[in-house]
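Please look through the sequence and the structure shown below. The paragraphs after them go through a few parts in turn.

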Amino acid sequence: MAKLIGLTGGIGSGKTTIAKFFAEKGISIYIADHEAKQLMESKTVQEKVKSVFGQEVFTNGRLDRPKLAAIVFNDPEKLKKLNEIVHPVVRTHFKNWVNEHQNEELLIYESAILFESGHYKDFDCIITVTAPLESRIARVLKRDETNRAEIERRINAQWTDSERIVKSDFEIENMDLKEARDKVSDILKILKIKQKE
């Protein structure tokens, strides 16, 4: 049975980069955010979103993600409602994915809200990716069509690095890419030794 590893970190910490480093080592990765976006295209999920948030989050019959994001990131109750729609669907999809990869030693589940969702309890080990706040903001500004105030709102809706680290088995600071890649190799060695015990 594969050992399940949770990989998390705040917005702009560079989780996806770290996930790629693990993938380079032959580890299968489940990117929760990417899968959630795909699953939100399903008719069932969209009907649930429509019933909770109304027709205004749809443009020309398609889910308008920026509109939905603007609503949920400004209202913790609405974010909770969206998560109650999406999380169960993602969890079921992830369980099926794990069954398909059960012969592998290690599997990684990457999610920004691993702790916030309570899903962290389902993993054998947690890795948190960190980076200084200003670096994270700069990365997101470069990556997304957004502004500083919106990024800060999203950061404030998530756990802090210190809250995550306390509940994690490993931390990877993602500033120097060579150092981060070396840390990935070190963690894999430890995890593979533990898997054989």
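**A covered strand and its partners**

On strand S1, both faces are covered: Lys3, Ile5 and Leu7 are buried on one side, and Leu4, Gly6 and Thr8 are buried on the other. Buried means under 20% relative accessible area, exposed over 50%, and partly exposed in between, using a 1.4 Å probe and protein chains only. Helices (H or I, at least four residues) and strands (E, at least two) are DSSP runs, numbered from the N terminus.

This is a predicted model, in which local features need pLDDT of at least 70, side-chain atom pairs count only at pLDDT 80 or more, and totals for chains, interfaces and linings use all residues. Residues are numbered from 1 along each chain as its sequence is written, and side-chain values use heavy atoms, with hydrogens and water left out.

Two strands pair if DSSP finds at least two bridges between them. S1 runs parallel to strand S5 (residues 106–110), joined by 5 bridges; here Lys3 stands opposite Leu106. S1 also pairs with strand S6 (residues 125–130) in the parallel sense, over 4 bridges. Cys125 in S6 is the bridge partner of Ile5.

Helix H5 (residues 76–100) contains Pro88. Pro88 counts as partly exposed because its relative accessibility is 43%.

pLDDT is the predictor's confidence in each residue, from 0 to 100. The protein chain averages 92, and 99% of the residues score at least 70. Confidence is highest in S6, at a mean of 98, and lowest in helix H4 (residues 65–72), at 88.
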